[in-house]
Amino acid sequence: MDVNEIMNRAKAARAQALESLHKTEEKAEALADSFSPEPAAPAEEAAAREAQQMAANDQRQVEILGQVFDSQTMEQMAANQEQLQRMMEQRVAEAACASADAMMDQLFGEDMGVLAAALETLAMDDDSEGADPDEEETDDALYTLLDETLARLETLPEPAPAEYGRDPALWERFGILLSGIVSTLNDHSLEGLDVEEHIPVLEQQVLSVVRRSWGIDGRGGLLETLRYLGQGGYAERYRFYCEAETPEELMTGDEDEDGREGVIRAWAFARHYRERYSPAFMAGWDMGRAAMLARWGSYLGWITPEEAQGILWDLAQRAARDLGGWREFAQSYLFGGLMWKLLCNSPAAGYLGYLADAATALLVGKADGSGGQWRGFPWPARRKLGFTL
């Protein structure tokens, strides 16, 4: 039994009945005018009669449906109507949210994600949570914290690198695991290309974080940001900051006070570390976030799975060429993350802690037995000179 067909027939019958009623009323009014000198009824009365007739027809349709379907079916139809109403209300709320996002894009600029190359998460708490509001976070203290954290990561166990050869499955898996830190912070799956199950609430969460945090709202913006990260990203920015003699050389003149302070802090960071770390050390920070964006883009349908796999392949080749293992990748990620936080002139100590915890969970595993994805998958061994895939 097709409920939709019955409803459509009922609607068609109702429309036909109303048309017949209008014709009957017109004939009756014409006949009354020919026998009675009294004026016709006001338009309001005619509208009221029509509304009463429509209500009667609606009630009659309900009675007919009640005779066709049993009580359980009628209750299910009512429940479906309520669910439809809730879905409509949700769509209205999503539209309002989208309007707010559009306003934020206008305020901060659609290229905010490209310029700031900001890592954002769905579940990360505020960096300043638990910190003493009266205790100022000095840059020297952050340098010390970074050094200590990098040294601690260096002590974690890691499997020996392994030859991948020409096995595409190994390289694909490696590319997915490059998104491990952000995925761990967000409780994303690392078992395949999709970050989450395809259900509306999770798709909306991912869309919201990509739109608000990166300024990306579709395929064009996604590919532009991936191109930025793949062709230079923070590695190039760090090089510029290392070479600049003064922070003023790096300013465009459009920065506000907070922006100028961020440039000064990031320049001081680069000058502090330029003798110890080359621009290539930023590879993990750029490649890790690019891998996450490729997976997010595929999940949202902005790029095809084949395109995402191709992007991950390229990222995997670069990461394997520029870095020597998961520990170095994690250290690079923290290094770039601190520079980003300084450039944004934002608190950074808590943020470094989140990143270090995620990397540790990937290398060692969590207390509940989860994690350890890096521990169970060796970094690709460096290829001999002249070897190509």
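## A buried tryptophan

Trp 379 is buried, because its relative accessible area is 1% and buried means under 20%. Look for Trp 379 in the segment after H15. Trp 379 and Leu 323 lie 56 residues apart in sequence. In space, their C-alpha atoms are 9.4 Å apart.

## The chain as a whole

This is a predicted model. The chain has 389 residues, and 38% of them are buried. What is the chain built from: how many helices and how many strands? There are 15 helices and 0 strands.

## The nonpolar core

The largest nonpolar core holds 89 residues. Which of them touch the most other members? They are Phe 174, Tyr 238, Phe 269, Trp 296 and Trp 374. Helix H14 gives the most to this core, with 11 residues.

## Helix H10 against helix H14

Two packed helices are described by the angle between their axes and the distance between the axes. Helix H10 covers residues 233-243. H10 and H14 pack at an angle of about 65°. Their axes are 11 Å apart. The crossing of H10 past H14 is left-handed.

Which residues meet here? H10 brings Tyr 234, Arg 237, Tyr 238 and Tyr 241. H14 brings Phe 335, Gly 336, Met 339, Trp 340 and Leu 343. The contact of H10 with H14 divides into 7 nonpolar residues, 1 polar and 1 charged. Tyr 238 of H10 is also among the core residues that touch the most other members.

Glu 236 is another residue of H10. Is Glu 236 buried or partly exposed? Glu 236 has a relative accessible area of 29%, so it is partly exposed. Glu 236 and Pro 279 are 43 residues apart in sequence. In space, they are 6.8 Å apart, C-alpha to C-alpha.

## Helix H15 and its cover

Helix H15 runs over residues 349-364.

The buried residues of H15 are Tyr 351, Leu 352, Leu 355, Ala 356, Ala 358, Ala 359, Ala 361, Leu 362 and Leu 363. What covers them? The cover includes helix H5 (139-154), helix H7 (180-186), helix H12 (283-300) and helix H14 (326-343). Just after H15 comes Gly 365, with a positive phi of about 105°.

## Helix H8

Helix H8 has 15 residues. At 1.5 Å a residue, H8 should span 21 Å. Its end C-alpha atoms are 21 Å apart, so the two values agree.

The buried residues of H8 include Leu 202, Val 206, Leu 207, Val 209, Val 210 and Trp 214. Ser 208, Arg 211 and Ser 213 are buried in H8 too. Gly 215 follows H8, and its phi is positive, near 70°.

Asp 187 is not a glycine, yet its phi is positive, at about 60°. Where is Asp 187 found? Asp 187 is in the loop between H7 and helix H8 (200-214). Asp 187 has a relative accessible area of 58%, so it is exposed.

Asn 345 is a residue other than glycine with a positive phi, near 55°. Asn 345 is in the loop between H14 and H15. At 21% relative accessibility, Asn 345 counts as partly exposed, because buried means under 20%.

Notes:
Residues are numbered from 1 along each chain as its sequence is written. This is a predicted model: local features need pLDDT of at least 70, side-chain atom pairs count only at pLDDT 80 or more; totals for chains, interfaces and linings use all residues. Side-chain values use heavy atoms; hydrogens and water are left out. Helices (H or I, at least four residues) and strands (E, at least two) are DSSP runs, numbered from the N terminus. The expected span of a helix is 1.5 Å times one less than its number of residues. Buried means under 20% relative accessible area, exposed over 50%, partly exposed in between (1.4 Å probe, protein chains only). Contact means heavy atoms within 4.5 Å. A nonpolar core is a set of buried Ala, Val, Leu, Ile, Met, Phe, Trp, Tyr and Cys residues joined through side-chain atoms within 4.5 Å. Axes are lines fitted to C-alpha atoms, for helices over the stretch in contact, and angles run from 0 to 180 degrees between N-to-C directions. A crossing is left-handed if the near helix is turned anticlockwise from the far one by less than a right angle, and right-handed if clockwise. Ala, Val, Leu, Ile, Met, Phe, Trp, Tyr, Cys and Pro count as nonpolar, Asp, Glu, Lys and Arg as charged, and the others, Gly among them, as polar.
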